[in-house]
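Dear colleague,

Please find below the structure that I am handing over to you, with its sequence. My findings follow directly after it.

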Amino acid sequence: MNEERTKKMKQDKYDILEEKAISQPLVEHIYTADPSAHVFNGRLYIYPSHDIEAGIPFNDNGDHFDMRDYHVLSMDEIGGEVTDHGNVLDVKDIPWAGRQLWDSDATHKDGKYYLYFPLKDKNDIFRIGVAISDKPEGPFVPEERPIDGSYSIDPAVFEDEDGSHYMYFGGIWGGQLQRYRNNKAQEAGCEPADKEPALCPKVVRLSDNMLEFGEEPKDLVILDQEGNPLQAGDHERRFFEASWMHKYKGKYYFSYSTGNTHKICYATGDNPYGPFTYQGVILEPVVGWTTHHSVVEFKGKWYLFYHDCILSKGETHLRSVKCTELQYNDEGDIQTIKPYLAAEEMNI
C-alpha cells in the first residue's frame, strides 16, 4: 500500500506541474532535448537530441544519456503544427563513431547546411564532428573524421553579421572539459580548486569551408561585475555546459547552463570572443537534472527553447523540448523565466 501511495503522490505531483507549466512539449511521440533553434528560409528549425531508454545505470559521466541518432523538427508558427523529419543522422553511419550523440547545432553557408555534433570516438573520447546536407531538415552526411583539434561537447555555432562563423563548445564532468588545459589533454585533468578561476567554455572561428577550425580555440572568460573571472566554486554562476550565443541590439549574449545548480545564465560582451560579464539568470530550474537551451528571433519576437522531464514523470534522461517567449527590458536585460507557476510550492 505504501508503494502504491508513493506512486500516486508522484503521479499527482507531475500532473499538477504539467498544469502549472508555462509551456508544453513540442512533440510527444519521441523524447527530445538540448534544442538548437534557427530560422532558415522563413521556417523555424529545431535540432534536438533524441532521448531513448537505453537501460544504462545513472552516473555523473552521463552514460545513461546514450542517444544514437538525431531528428529535426520544424514549424511555420510558434504553437503551430510541428513536423518531425525523422532520423537525419545515425551513429552507425558515422565512420569514427564510438557512442553517445549529444547536443548538436546547425548553420548554413552558400547553399549548404552543416550539423555539428559531439560524439565519443572508439577510445571513448568526445570529439566534434560535422555532417552536411543540401536541406535544413537533412538527411546529413557525416565527414570521415572529426574536426582536427576538437574535444569536449555541446557545439553551438553563431553567424555574425560579417558572415564569420564561430563555434562555442565545452562541458565539464561527463563532457570531459576538465581533462584539458590550453587545448591539450592532461594526464590527470580535473576541475580547478574552488578559489581558482572556473574552467572556461571555448570559442573558435570556423574555417571558410566550415569543416575545420580556422584557429586555435580560445578561452571565453566570464567575469563578475567587478571584472574578476568567476571562480570554480561559484556553482550558481560558473559555466558547466550548453553554450549559446545570440546578438541583441548590437550586444553579444553568451548563455549557458550551470549544470549541478540547474540554471540557464547569461553574460554580455562587445565581441564574439569576450570577455563577457555575468548578468543574471534566464531560466530557473526545470524538472530533471540537465538544462539546455537556445535563443532565437522569429517573426519579430524572441523565444527561449529548453527542455524538461515532466512528460516522462521526472526521468532525467527522457526529456521534452519546450518553447516560451523571451522578454528584454529597455536596458537589454533578460527577464528571468519561471518554468512553473507553482514551483516554490512543489519543491522541485
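In this predicted model, the 36 positive and 60 negative charges of the protein have mean positions that lie 2 Å apart. The accessible surface amounts to about 15,300 Å², and carbon and sulfur atoms contribute 46% of that area.

As to the overall fold, the protein contains two helices and 23 strands. Its radius of gyration is 19 Å, close to the 20 Å that the globule rule gives for 348 residues, and the protein is therefore as compact as a globular protein of that length. The C-alpha trace spans about 60 × 45 × 45 Å along the principal axes. Of the 348 residues, 56% count as buried. Among contacts with a separation of 6 or more, 55% are made by residues 24 or more positions apart.

Strands of a sheet pair through backbone hydrogen bonds, in either a parallel or an antiparallel manner. E17 and strand E18 (residues 251–257) run antiparallel and are joined by six bridges. In one of these pairings, Glu241 has Ser257 of E18 as its bridge partner.

Two residues were examined individually.

Val88 belongs to strand E4 (residues 83–90). Its relative accessible area is 4%, which is under the 20% cut-off, and Val88 is therefore buried. Setting aside neighbours within four places in sequence, Val88 is in contact with Tyr70, His71, Val72, Glu137, Pro139 and Phe140. Of these, Phe140 is 52 residues from Val88 in sequence, while the C-alpha atoms of the two are 5.8 Å apart in space.

Leu101 is located in strand E5 (residues 99–101). With a relative accessibility of 0%, Leu101 also counts as buried. By C-alpha atoms, Leu101 is separated by 28 Å from Leu326, a residue 225 positions away along the chain.

Yours sincerely

Technical notes:
Residues are numbered from 1 along each chain as its sequence is written. This is a predicted model: local features need pLDDT of at least 70, side-chain atom pairs count only at pLDDT 80 or more; totals for chains, interfaces and linings use all residues. Side-chain values use heavy atoms; hydrogens and water are left out. Helices (H or I, at least four residues) and strands (E, at least two) are DSSP runs, numbered from the N terminus. The radius of gyration is taken over C-alpha atoms; the globule rule is 2.2 Å times the number of residues to the power 0.38. Buried means under 20% relative accessible area, exposed over 50%, partly exposed in between (1.4 Å probe, protein chains only). Contact means heavy atoms within 4.5 Å. Accessible areas come from the Shrake-Rupley method with a 1.4 Å probe; for residues, only the protein chains shown count as cover. Lys and Arg count as positive and Asp and Glu as negative; His and the chain ends are not counted. The place of a charge is taken as NZ of Lys, CZ of Arg, CG of Asp or CD of Glu. Two strands pair if DSSP finds at least two bridges between them.
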